[in-house]
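These are my notebook entries on a structure that I went through place by place. I wrote down what I looked up and what I found.

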Amino acid sequence: MSSSAVPVPVQPYGRPPLRTVQVLGGAGAGSSAHVRSLATGLAAHGLRVTVCAPAEAEGEYDFTGAGAQFAPDAVSALRAACAGADVVHAHGVQAGMRAALALRGRRVPLVVTWHGGGPGAKGALGRLARLMERRVARAAAVVLGTSSDQVDLARLRGARDARLAPVTVPGARARCDLDKVRAELGVVERPLLIAVGSLVAHRGYGVLLDAARAWRTLDPVPLLVIAGEGPLRPELTRRIVDEDLPVRLLGRRPDAAELLAAADVAVLPSRWEARSLLAQEALRAGVALVATEVGGVPELVGEAAVLVPYGDAEALATGVSGLLSSPTRRAVLAEAGRAQAATWPSEDDTVAQVLSVYDELMERWGR
């Protein structure tokens, strides 16, 4: 080669340009933020990325701004996108099911990241959920579990290849005056508690309201705010009014990161969580966390949170009250939370792991 020759760039992951489709089954905050982060990293490595997702997810997470093409989650659009893909990566079991159906008859590897899972509904709905999990686990070339219990569940459901892939989503940073946030909520002279997540049964908000009854005896009485929307709003609102609970439903809030950073204690009362977005953001922000000891939560937070059994309103109330009465304990947890967050994989680590899986599949499938 002459000294004037220009070297040809080598694409280290698969056959250039590798074409990947990321499939979202809904607009959940954790999975949507992960896909946005993943799309950014994959596009930066030269991959052609298409994100198939609900329109509201594109509006909030701007996948096109991350360097991806956006396609609506309609069946026809998904099938068309998958037809030109080298690898399809679905996020969540429902997304995995839709992707498996779209790939029927095509020789394209399917990767599924399980962002959800855990104990399902009972009866007919539970049987249907388990059937879907089995079909998705067996259709996937690789299942990536975001917590160890998800990996175990995927293997139980028949996955040929299930691996731990603890994703980390971008850390949201508060960009406002936190004292002003507290003043607007009316908590200048009283503690602020926060929970974030959709108003659905598995979030455990019924138990959280049970715990809130005990906080009425504290002086000053803390205010619990819940940022999220969902079908349980009428039921929760009725209880808050009838029982005179110190709780406010804020609805879906784009400033949830600022609300969290301004809080004294974050509360995660869920029946099951894999790699909770709220827990990640609370530990990063140095906000003391009380969470249920379920799913992937203990693995995620280590010793940096107060863990209580799911469904135990008394333990939840006591855990929060204990932190409110001890600024020193909150400070210790804040320091421990930041240290624990530093042990989590970075966004670059997450992208690198996914790229290595894609590269392996390209070799295995001869593409």
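I began with Asp 62, which sits in the loop that runs between helix α2 (55-61) and strand β3 (69-72). I kept in mind that the model is predicted. When I looked up the backbone of Asp 62, I found a phi near 50°, which is a positive value in a residue other than glycine. I noted beside this that most residues other than glycine have a negative phi. I then asked how accessible Asp 62 is.

I searched the whole structure for aromatic pairs, and the search gave one. The partners are Tyr 61 and Phe 63, whose ring centres are 6.3 Å apart and whose planes meet at 15°, so I recorded the pair as stacked. The reasoning needs a cut-off here, because planes count as stacked when they are under 30 degrees apart. I also checked the burial of the two partners, and found that both Tyr 61 and Phe 63 are buried.

I located Asp 244 in the loop between α9 (233-242) and β10 (247-251). Is Asp 244 buried or exposed? With a relative accessibility of 61%, Asp 244 counts as exposed.

Pro 220 belongs to the loop between α8 (205-215) and β9 (223-227).

Gly 158 lies in the loop between α6 (148-156) and β7 (162-164), and I noted it as partly exposed because its relative accessibility is 29%. Which residues does Gly 158 touch, if those up to four places away in sequence are not counted? I found Ala 137 and Arg 138. I also looked up Glu 235, which is 77 residues from Gly 158 along the chain, and the C-alpha atoms of these two are separated by 38 Å.

In helix α4, which spans residues 93-102, I listed Val 93, Ala 95, Gly 96, Met 97, Ala 99 and Ala 102 as buried. I then asked what covers these buried residues of α4. The cover includes the strands β1 (19-24), β4 (87-91) and β5 (110-114), together with the helices α3 (75-83) and α5 (123-139).

I finished with the protein chain as a whole, which has 15 helices and 13 strands. The C-alpha atoms fill a box of roughly 75 × 60 × 35 Å along the principal axes. Looking at contacts between residues at least 6 apart in sequence, I found that 65% join residues at least 24 apart. The accessible surface of the chain comes to about 16,400 Å², and 52% of it belongs to carbon and sulfur atoms. Lastly, I looked up the 41 positive and 38 negative charges, whose mean positions are 9 Å apart.

Methods:
Residues numbered from 1 in each chain as written. Predicted model: local features only at pLDDT ≥ 70, side-chain atom pairs only at ≥ 80, totals over all residues. Heavy atoms only, no water. Phe/Tyr/Trp six-rings, centres within 6.5 Å; stacked < 30°, edge-to-face > 60°. Buried < 20%, exposed > 50% of the residue type's maximum accessible area, 1.4 Å probe, protein only. Helix = DSSP H or I, 4+ residues; strand = E, 2+ residues; numbered from the N terminus. Contact = heavy atoms within 4.5 Å. Areas by Shrake-Rupley, 256 points an atom, 1.4 Å probe, with all protein chains shown as cover. Lys, Arg positive; Asp, Glu negative; His and termini not counted. Charge placed at Lys NZ, Arg CZ, Asp CG, Glu CD.
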